[in-house]
Amino acid sequence: MDRSFKTGSRAKPYRAPRLALAITTAIAGLTLASMTANAAPGAQVSFSKAQTALSKGQVNKAITYAEAAVSADPRNPGYRALLGAAYLEAGRFQSAATSFGDALDLGDENPRTVLSFALAKIAMGDSGAAVSVLDEYAQAIDPTDLGLALALAGQPERGMHVLVNAVRSAEQTTPKLRQNLAYTYALAGNWRAARVMAAEDVPADQLEARLSQWASMSAPEMFQQRIAALLDVTPRADSGQPQQLALANFPSQQMLAAASAEEAATDLAMAEPAPMTIAYVAPTPPPVAQPAPGTTFAQAFAAPEPSGSGIRYVSNPVVQELPMRAAPAASRVAAASPQRRMAPAATPAPVASDKAAGTHLVQLGSYSSKLEAERGWNVLKAKFPQLKDHKPVITEAVVNGRNFWRVAAAGFGPKSAQSMCGTVKSSGRGCFAYAASAPPAGGVKRDVQMASRSR
């Protein structure tokens with residue numbers, strides 16, 4: 001792809017091709033190289049049809065085929081990037097941003113994908129997310145495009161700095177570089193410099209019209225119009241990418257294995273102490289004392305300190321039944337309180353919600369990147385309204401040598417945490433609760449703030 005933006009220069013040699021169409025021709029090789037041997041047979045066919053339809057301007061048909069390709073092979077970054085290109089060509093900025101972001105999360109580091117994601121975010125009014133990704137991939141992006149993209153994202157001074165340095169370091173400047181700098185001057189309000197630079201390539205009888213066009217879209221609130229004009233598309237109402245294509249619905253095998261290992265380990269650590277039988281050497285056994293509330297797994301099974309009475313305590317798992325001569329523990333407790341045994345059972349009082357305790361968290365998923373984890377939280381919050389009043393906690397962890405980002409919701413008590421997990425599990429998703437004082441193993445960070453690049 002000619003990684004340039006249209007700035008309105010009249011001469012056709014100086015106009016970049018429409019961004020969405022150029023992307024499709026560039027990602028074909030990348031996509032085919034990234035496909036696995038066991039990819040769904042129909043995925044490549046749908047991908048090829050989407051490319052053909054998009055090159056012919058059949059945008060709706062391209063979207064249909066691209067969505068089919070993603071559905072057949074959801075973790076292929078090339079398919080996600082092509083779907084984003086189709087959405088962008090249709091003026092569906094929200095869907096385009098989601099699809100390009102998915103491609104980036106899956107490992108696509110192509111500057112075209114980065115620029116497309118940034119432009120879609122700018123068109124949605126999310127300049128912070130655009131600047132974040134542009135900074136992240138700045139070294140890989142052509143300065144000619146990076147400077148204008150920063151200016152469009154609301155940082156024209158930075159854009160000018162990048163472009164002026166590009167002009168100074170270039171052996172011979174190109175019309176694309178000069179016009180991008182001219183447009184950046186205009187976005188910064190330096191109309192004198194914009195006029196001088198634009199005059200290098202725009203005919204004199206067209207210069208005023210060009211400057212007027214830039215001026216008509218220079219207001220800060222016209223961010224969407226600027227991107228639409230740049231891409232030569234018409235913005236459309238967009239409810240977002242279909243939910244069934246959400247990347248969070250398709251975790252990798254490594255992520256599933258890591259999540260299963262975490263859940264199994266945490267469930268074991270949080271398990272209630274198993275019922276115990278106590279055999280006493282002393283002639284008159286005392287009643288069995290139940291573990292106090294809040295007793296940890298280790299404390300419940302710890303051997304008591306030896307005492308001077310010579311009594312020896314032996315703990316056995318419940319699977320080893322007591323000899324017939326030993327009275328059941330329950331009977332011994334009942335014998336110690338005959339009046340309580342005869343009294344009518346009291347009706348248990350209603351249990352108040354323990355959410356205010358804030359001692360527990362609920363882990364809802366594990367993702368391969370922080371950005372994917374942030375999007376995963378938004379998906380989960382939309383699916384489970386119970387999470388709307390809870391703070392997301394995104395924590396980096398290392399499991400089997402791989403980095404993952406765990407998504408948890410804070411602000412639960414032990415009972416409400418288990419109840420929330422029950423709700424999540426009933427929908428077919430994984431979940432487990434844990435105490436804030438005993439987080440799952442492998443964590444390297446805690447309480448990561450939600451990044452500005454949200455979807």
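Reader: What is the bridge partner of Tyr367 in E5?

Author: Trp405 is the E5 residue bridged to Tyr367. Keep in mind that this is a predicted model.

Reader: What makes E3 and E5 a strand pair?

Author: Two strands pair once DSSP finds at least two bridges between them. Strand E3 (residues 360–367) and E5 have six bridges, in the antiparallel sense, so they pass that cut-off. E5 itself, residues 402–412, is mostly covered, with eight of its eleven residues buried.

Reader: And how many bridges join E3 to E6?

Author: Four bridges, and the strands run antiparallel, so by the at least two rule they pair as well. Val362 is the residue opposite Ala433 in E6.

Reader: What makes you say both faces of E6 are covered?

Author: Side chains in a regular strand alternate between the two faces of the sheet. In E6 (residues 432–435), Phe432 and Tyr434 are on one side, Ala433 and Ala435 on the other, and all are buried.

Reader: Why is the pair of Phe432 and Tyr434 called tilted?

Author: Their ring centres are 6.3 Å apart, and the limit for a pair is within 6.5 Å. Their planes make 45 degrees; stacked needs under 30 and edge-to-face over 60, so tilted is what remains.

Reader: How many aromatic pairs are there by this rule?

Author: Three. One of them is Phe47 with Tyr79, whose centres are 5.1 Å apart and whose planes meet at 35 degrees, so that pair is tilted too. Phe47 belongs to helix H2 (residues 41–55) and Tyr79 to helix H4 (residues 77–89), so the pair ties together parts 32 residues apart in sequence. Both Phe47 and Tyr79 are buried.

Reader: How do you know that the charged end of Lys383 sits over the ring of Phe384?

Author: The charged end of Lys383 is 5.9 Å from the centre of the Phe384 ring. The distance limit is within 6 Å, with the charge also within 35 degrees of the ring normal, and Lys383 is placed over the ring.

Reader: Why does Gln179 count as buried?

Author: Buried means under 20% relative accessible area, and Gln179 has 2%, so it counts as buried. Gln179 lies in helix H10 (residues 175–187).

Reader: What makes the link between the side chains of Gln179 and Asp201 a polar contact?

Author: The two side chains come to 2.9 Å, and the cut-off for such an N or O pair is within 3.5 Å.

Reader: Why is H5 said to be largely enclosed?

Author: Twelve of its 13 residues are buried, so the rest of the structure largely encloses it. Among them are Phe93, Phe100 and Leu104.

Reader: How does the reach of H5 compare with the expected one?

Author: H5 (residues 93–105) reaches 18 Å from its first C-alpha to its last, close to the 18 Å expected at 1.5 Å a residue. After H5 comes Gly107, with a positive phi near 110 degrees.

Reader: Which residues touch the most other members of the largest nonpolar core?

Author: Phe93, Val133, Leu134, Leu152 and Ile227 do, in a core of 70 residues. Helix H6 (residues 111–123) gives the most to this core, with eight residues. There is a second, separate core of 20 residues, including Leu380 and Val407.

Reader: Where does Ile227 lie, and is it buried or exposed?

Author: Ile227 is in helix H13 (residues 223–231), and it is buried, as are Arg226, Ala228, Leu230 and Leu231. Just past H13, Asp232 has a positive phi of about 60 degrees.

Technical notes: Residues are numbered from 1 along each chain as its sequence is written. This is a predicted model: local features need pLDDT of at least 70, side-chain atom pairs count only at pLDDT 80 or more; totals for chains, interfaces and linings use all residues. Side-chain values use heavy atoms; hydrogens and water are left out. The expected span of a helix is 1.5 Å times one less than its number of residues. Buried means under 20% relative accessible area, exposed over 50%, partly exposed in between (1.4 Å probe, protein chains only). Rings of Phe, Tyr and Trp (its six-membered ring) pair if their centres lie within 6.5 Å; planes under 30 degrees apart count as stacked, over 60 as edge-to-face and the rest as tilted. A nonpolar core is a set of buried Ala, Val, Leu, Ile, Met, Phe, Trp, Tyr and Cys residues joined through side-chain atoms within 4.5 Å. A polar contact is a pair of N or O atoms within 3.5 Å; within protein, one must be able to donate a hydrogen and the other to accept it, and residues adjacent in sequence count only if both atoms are side-chain atoms.
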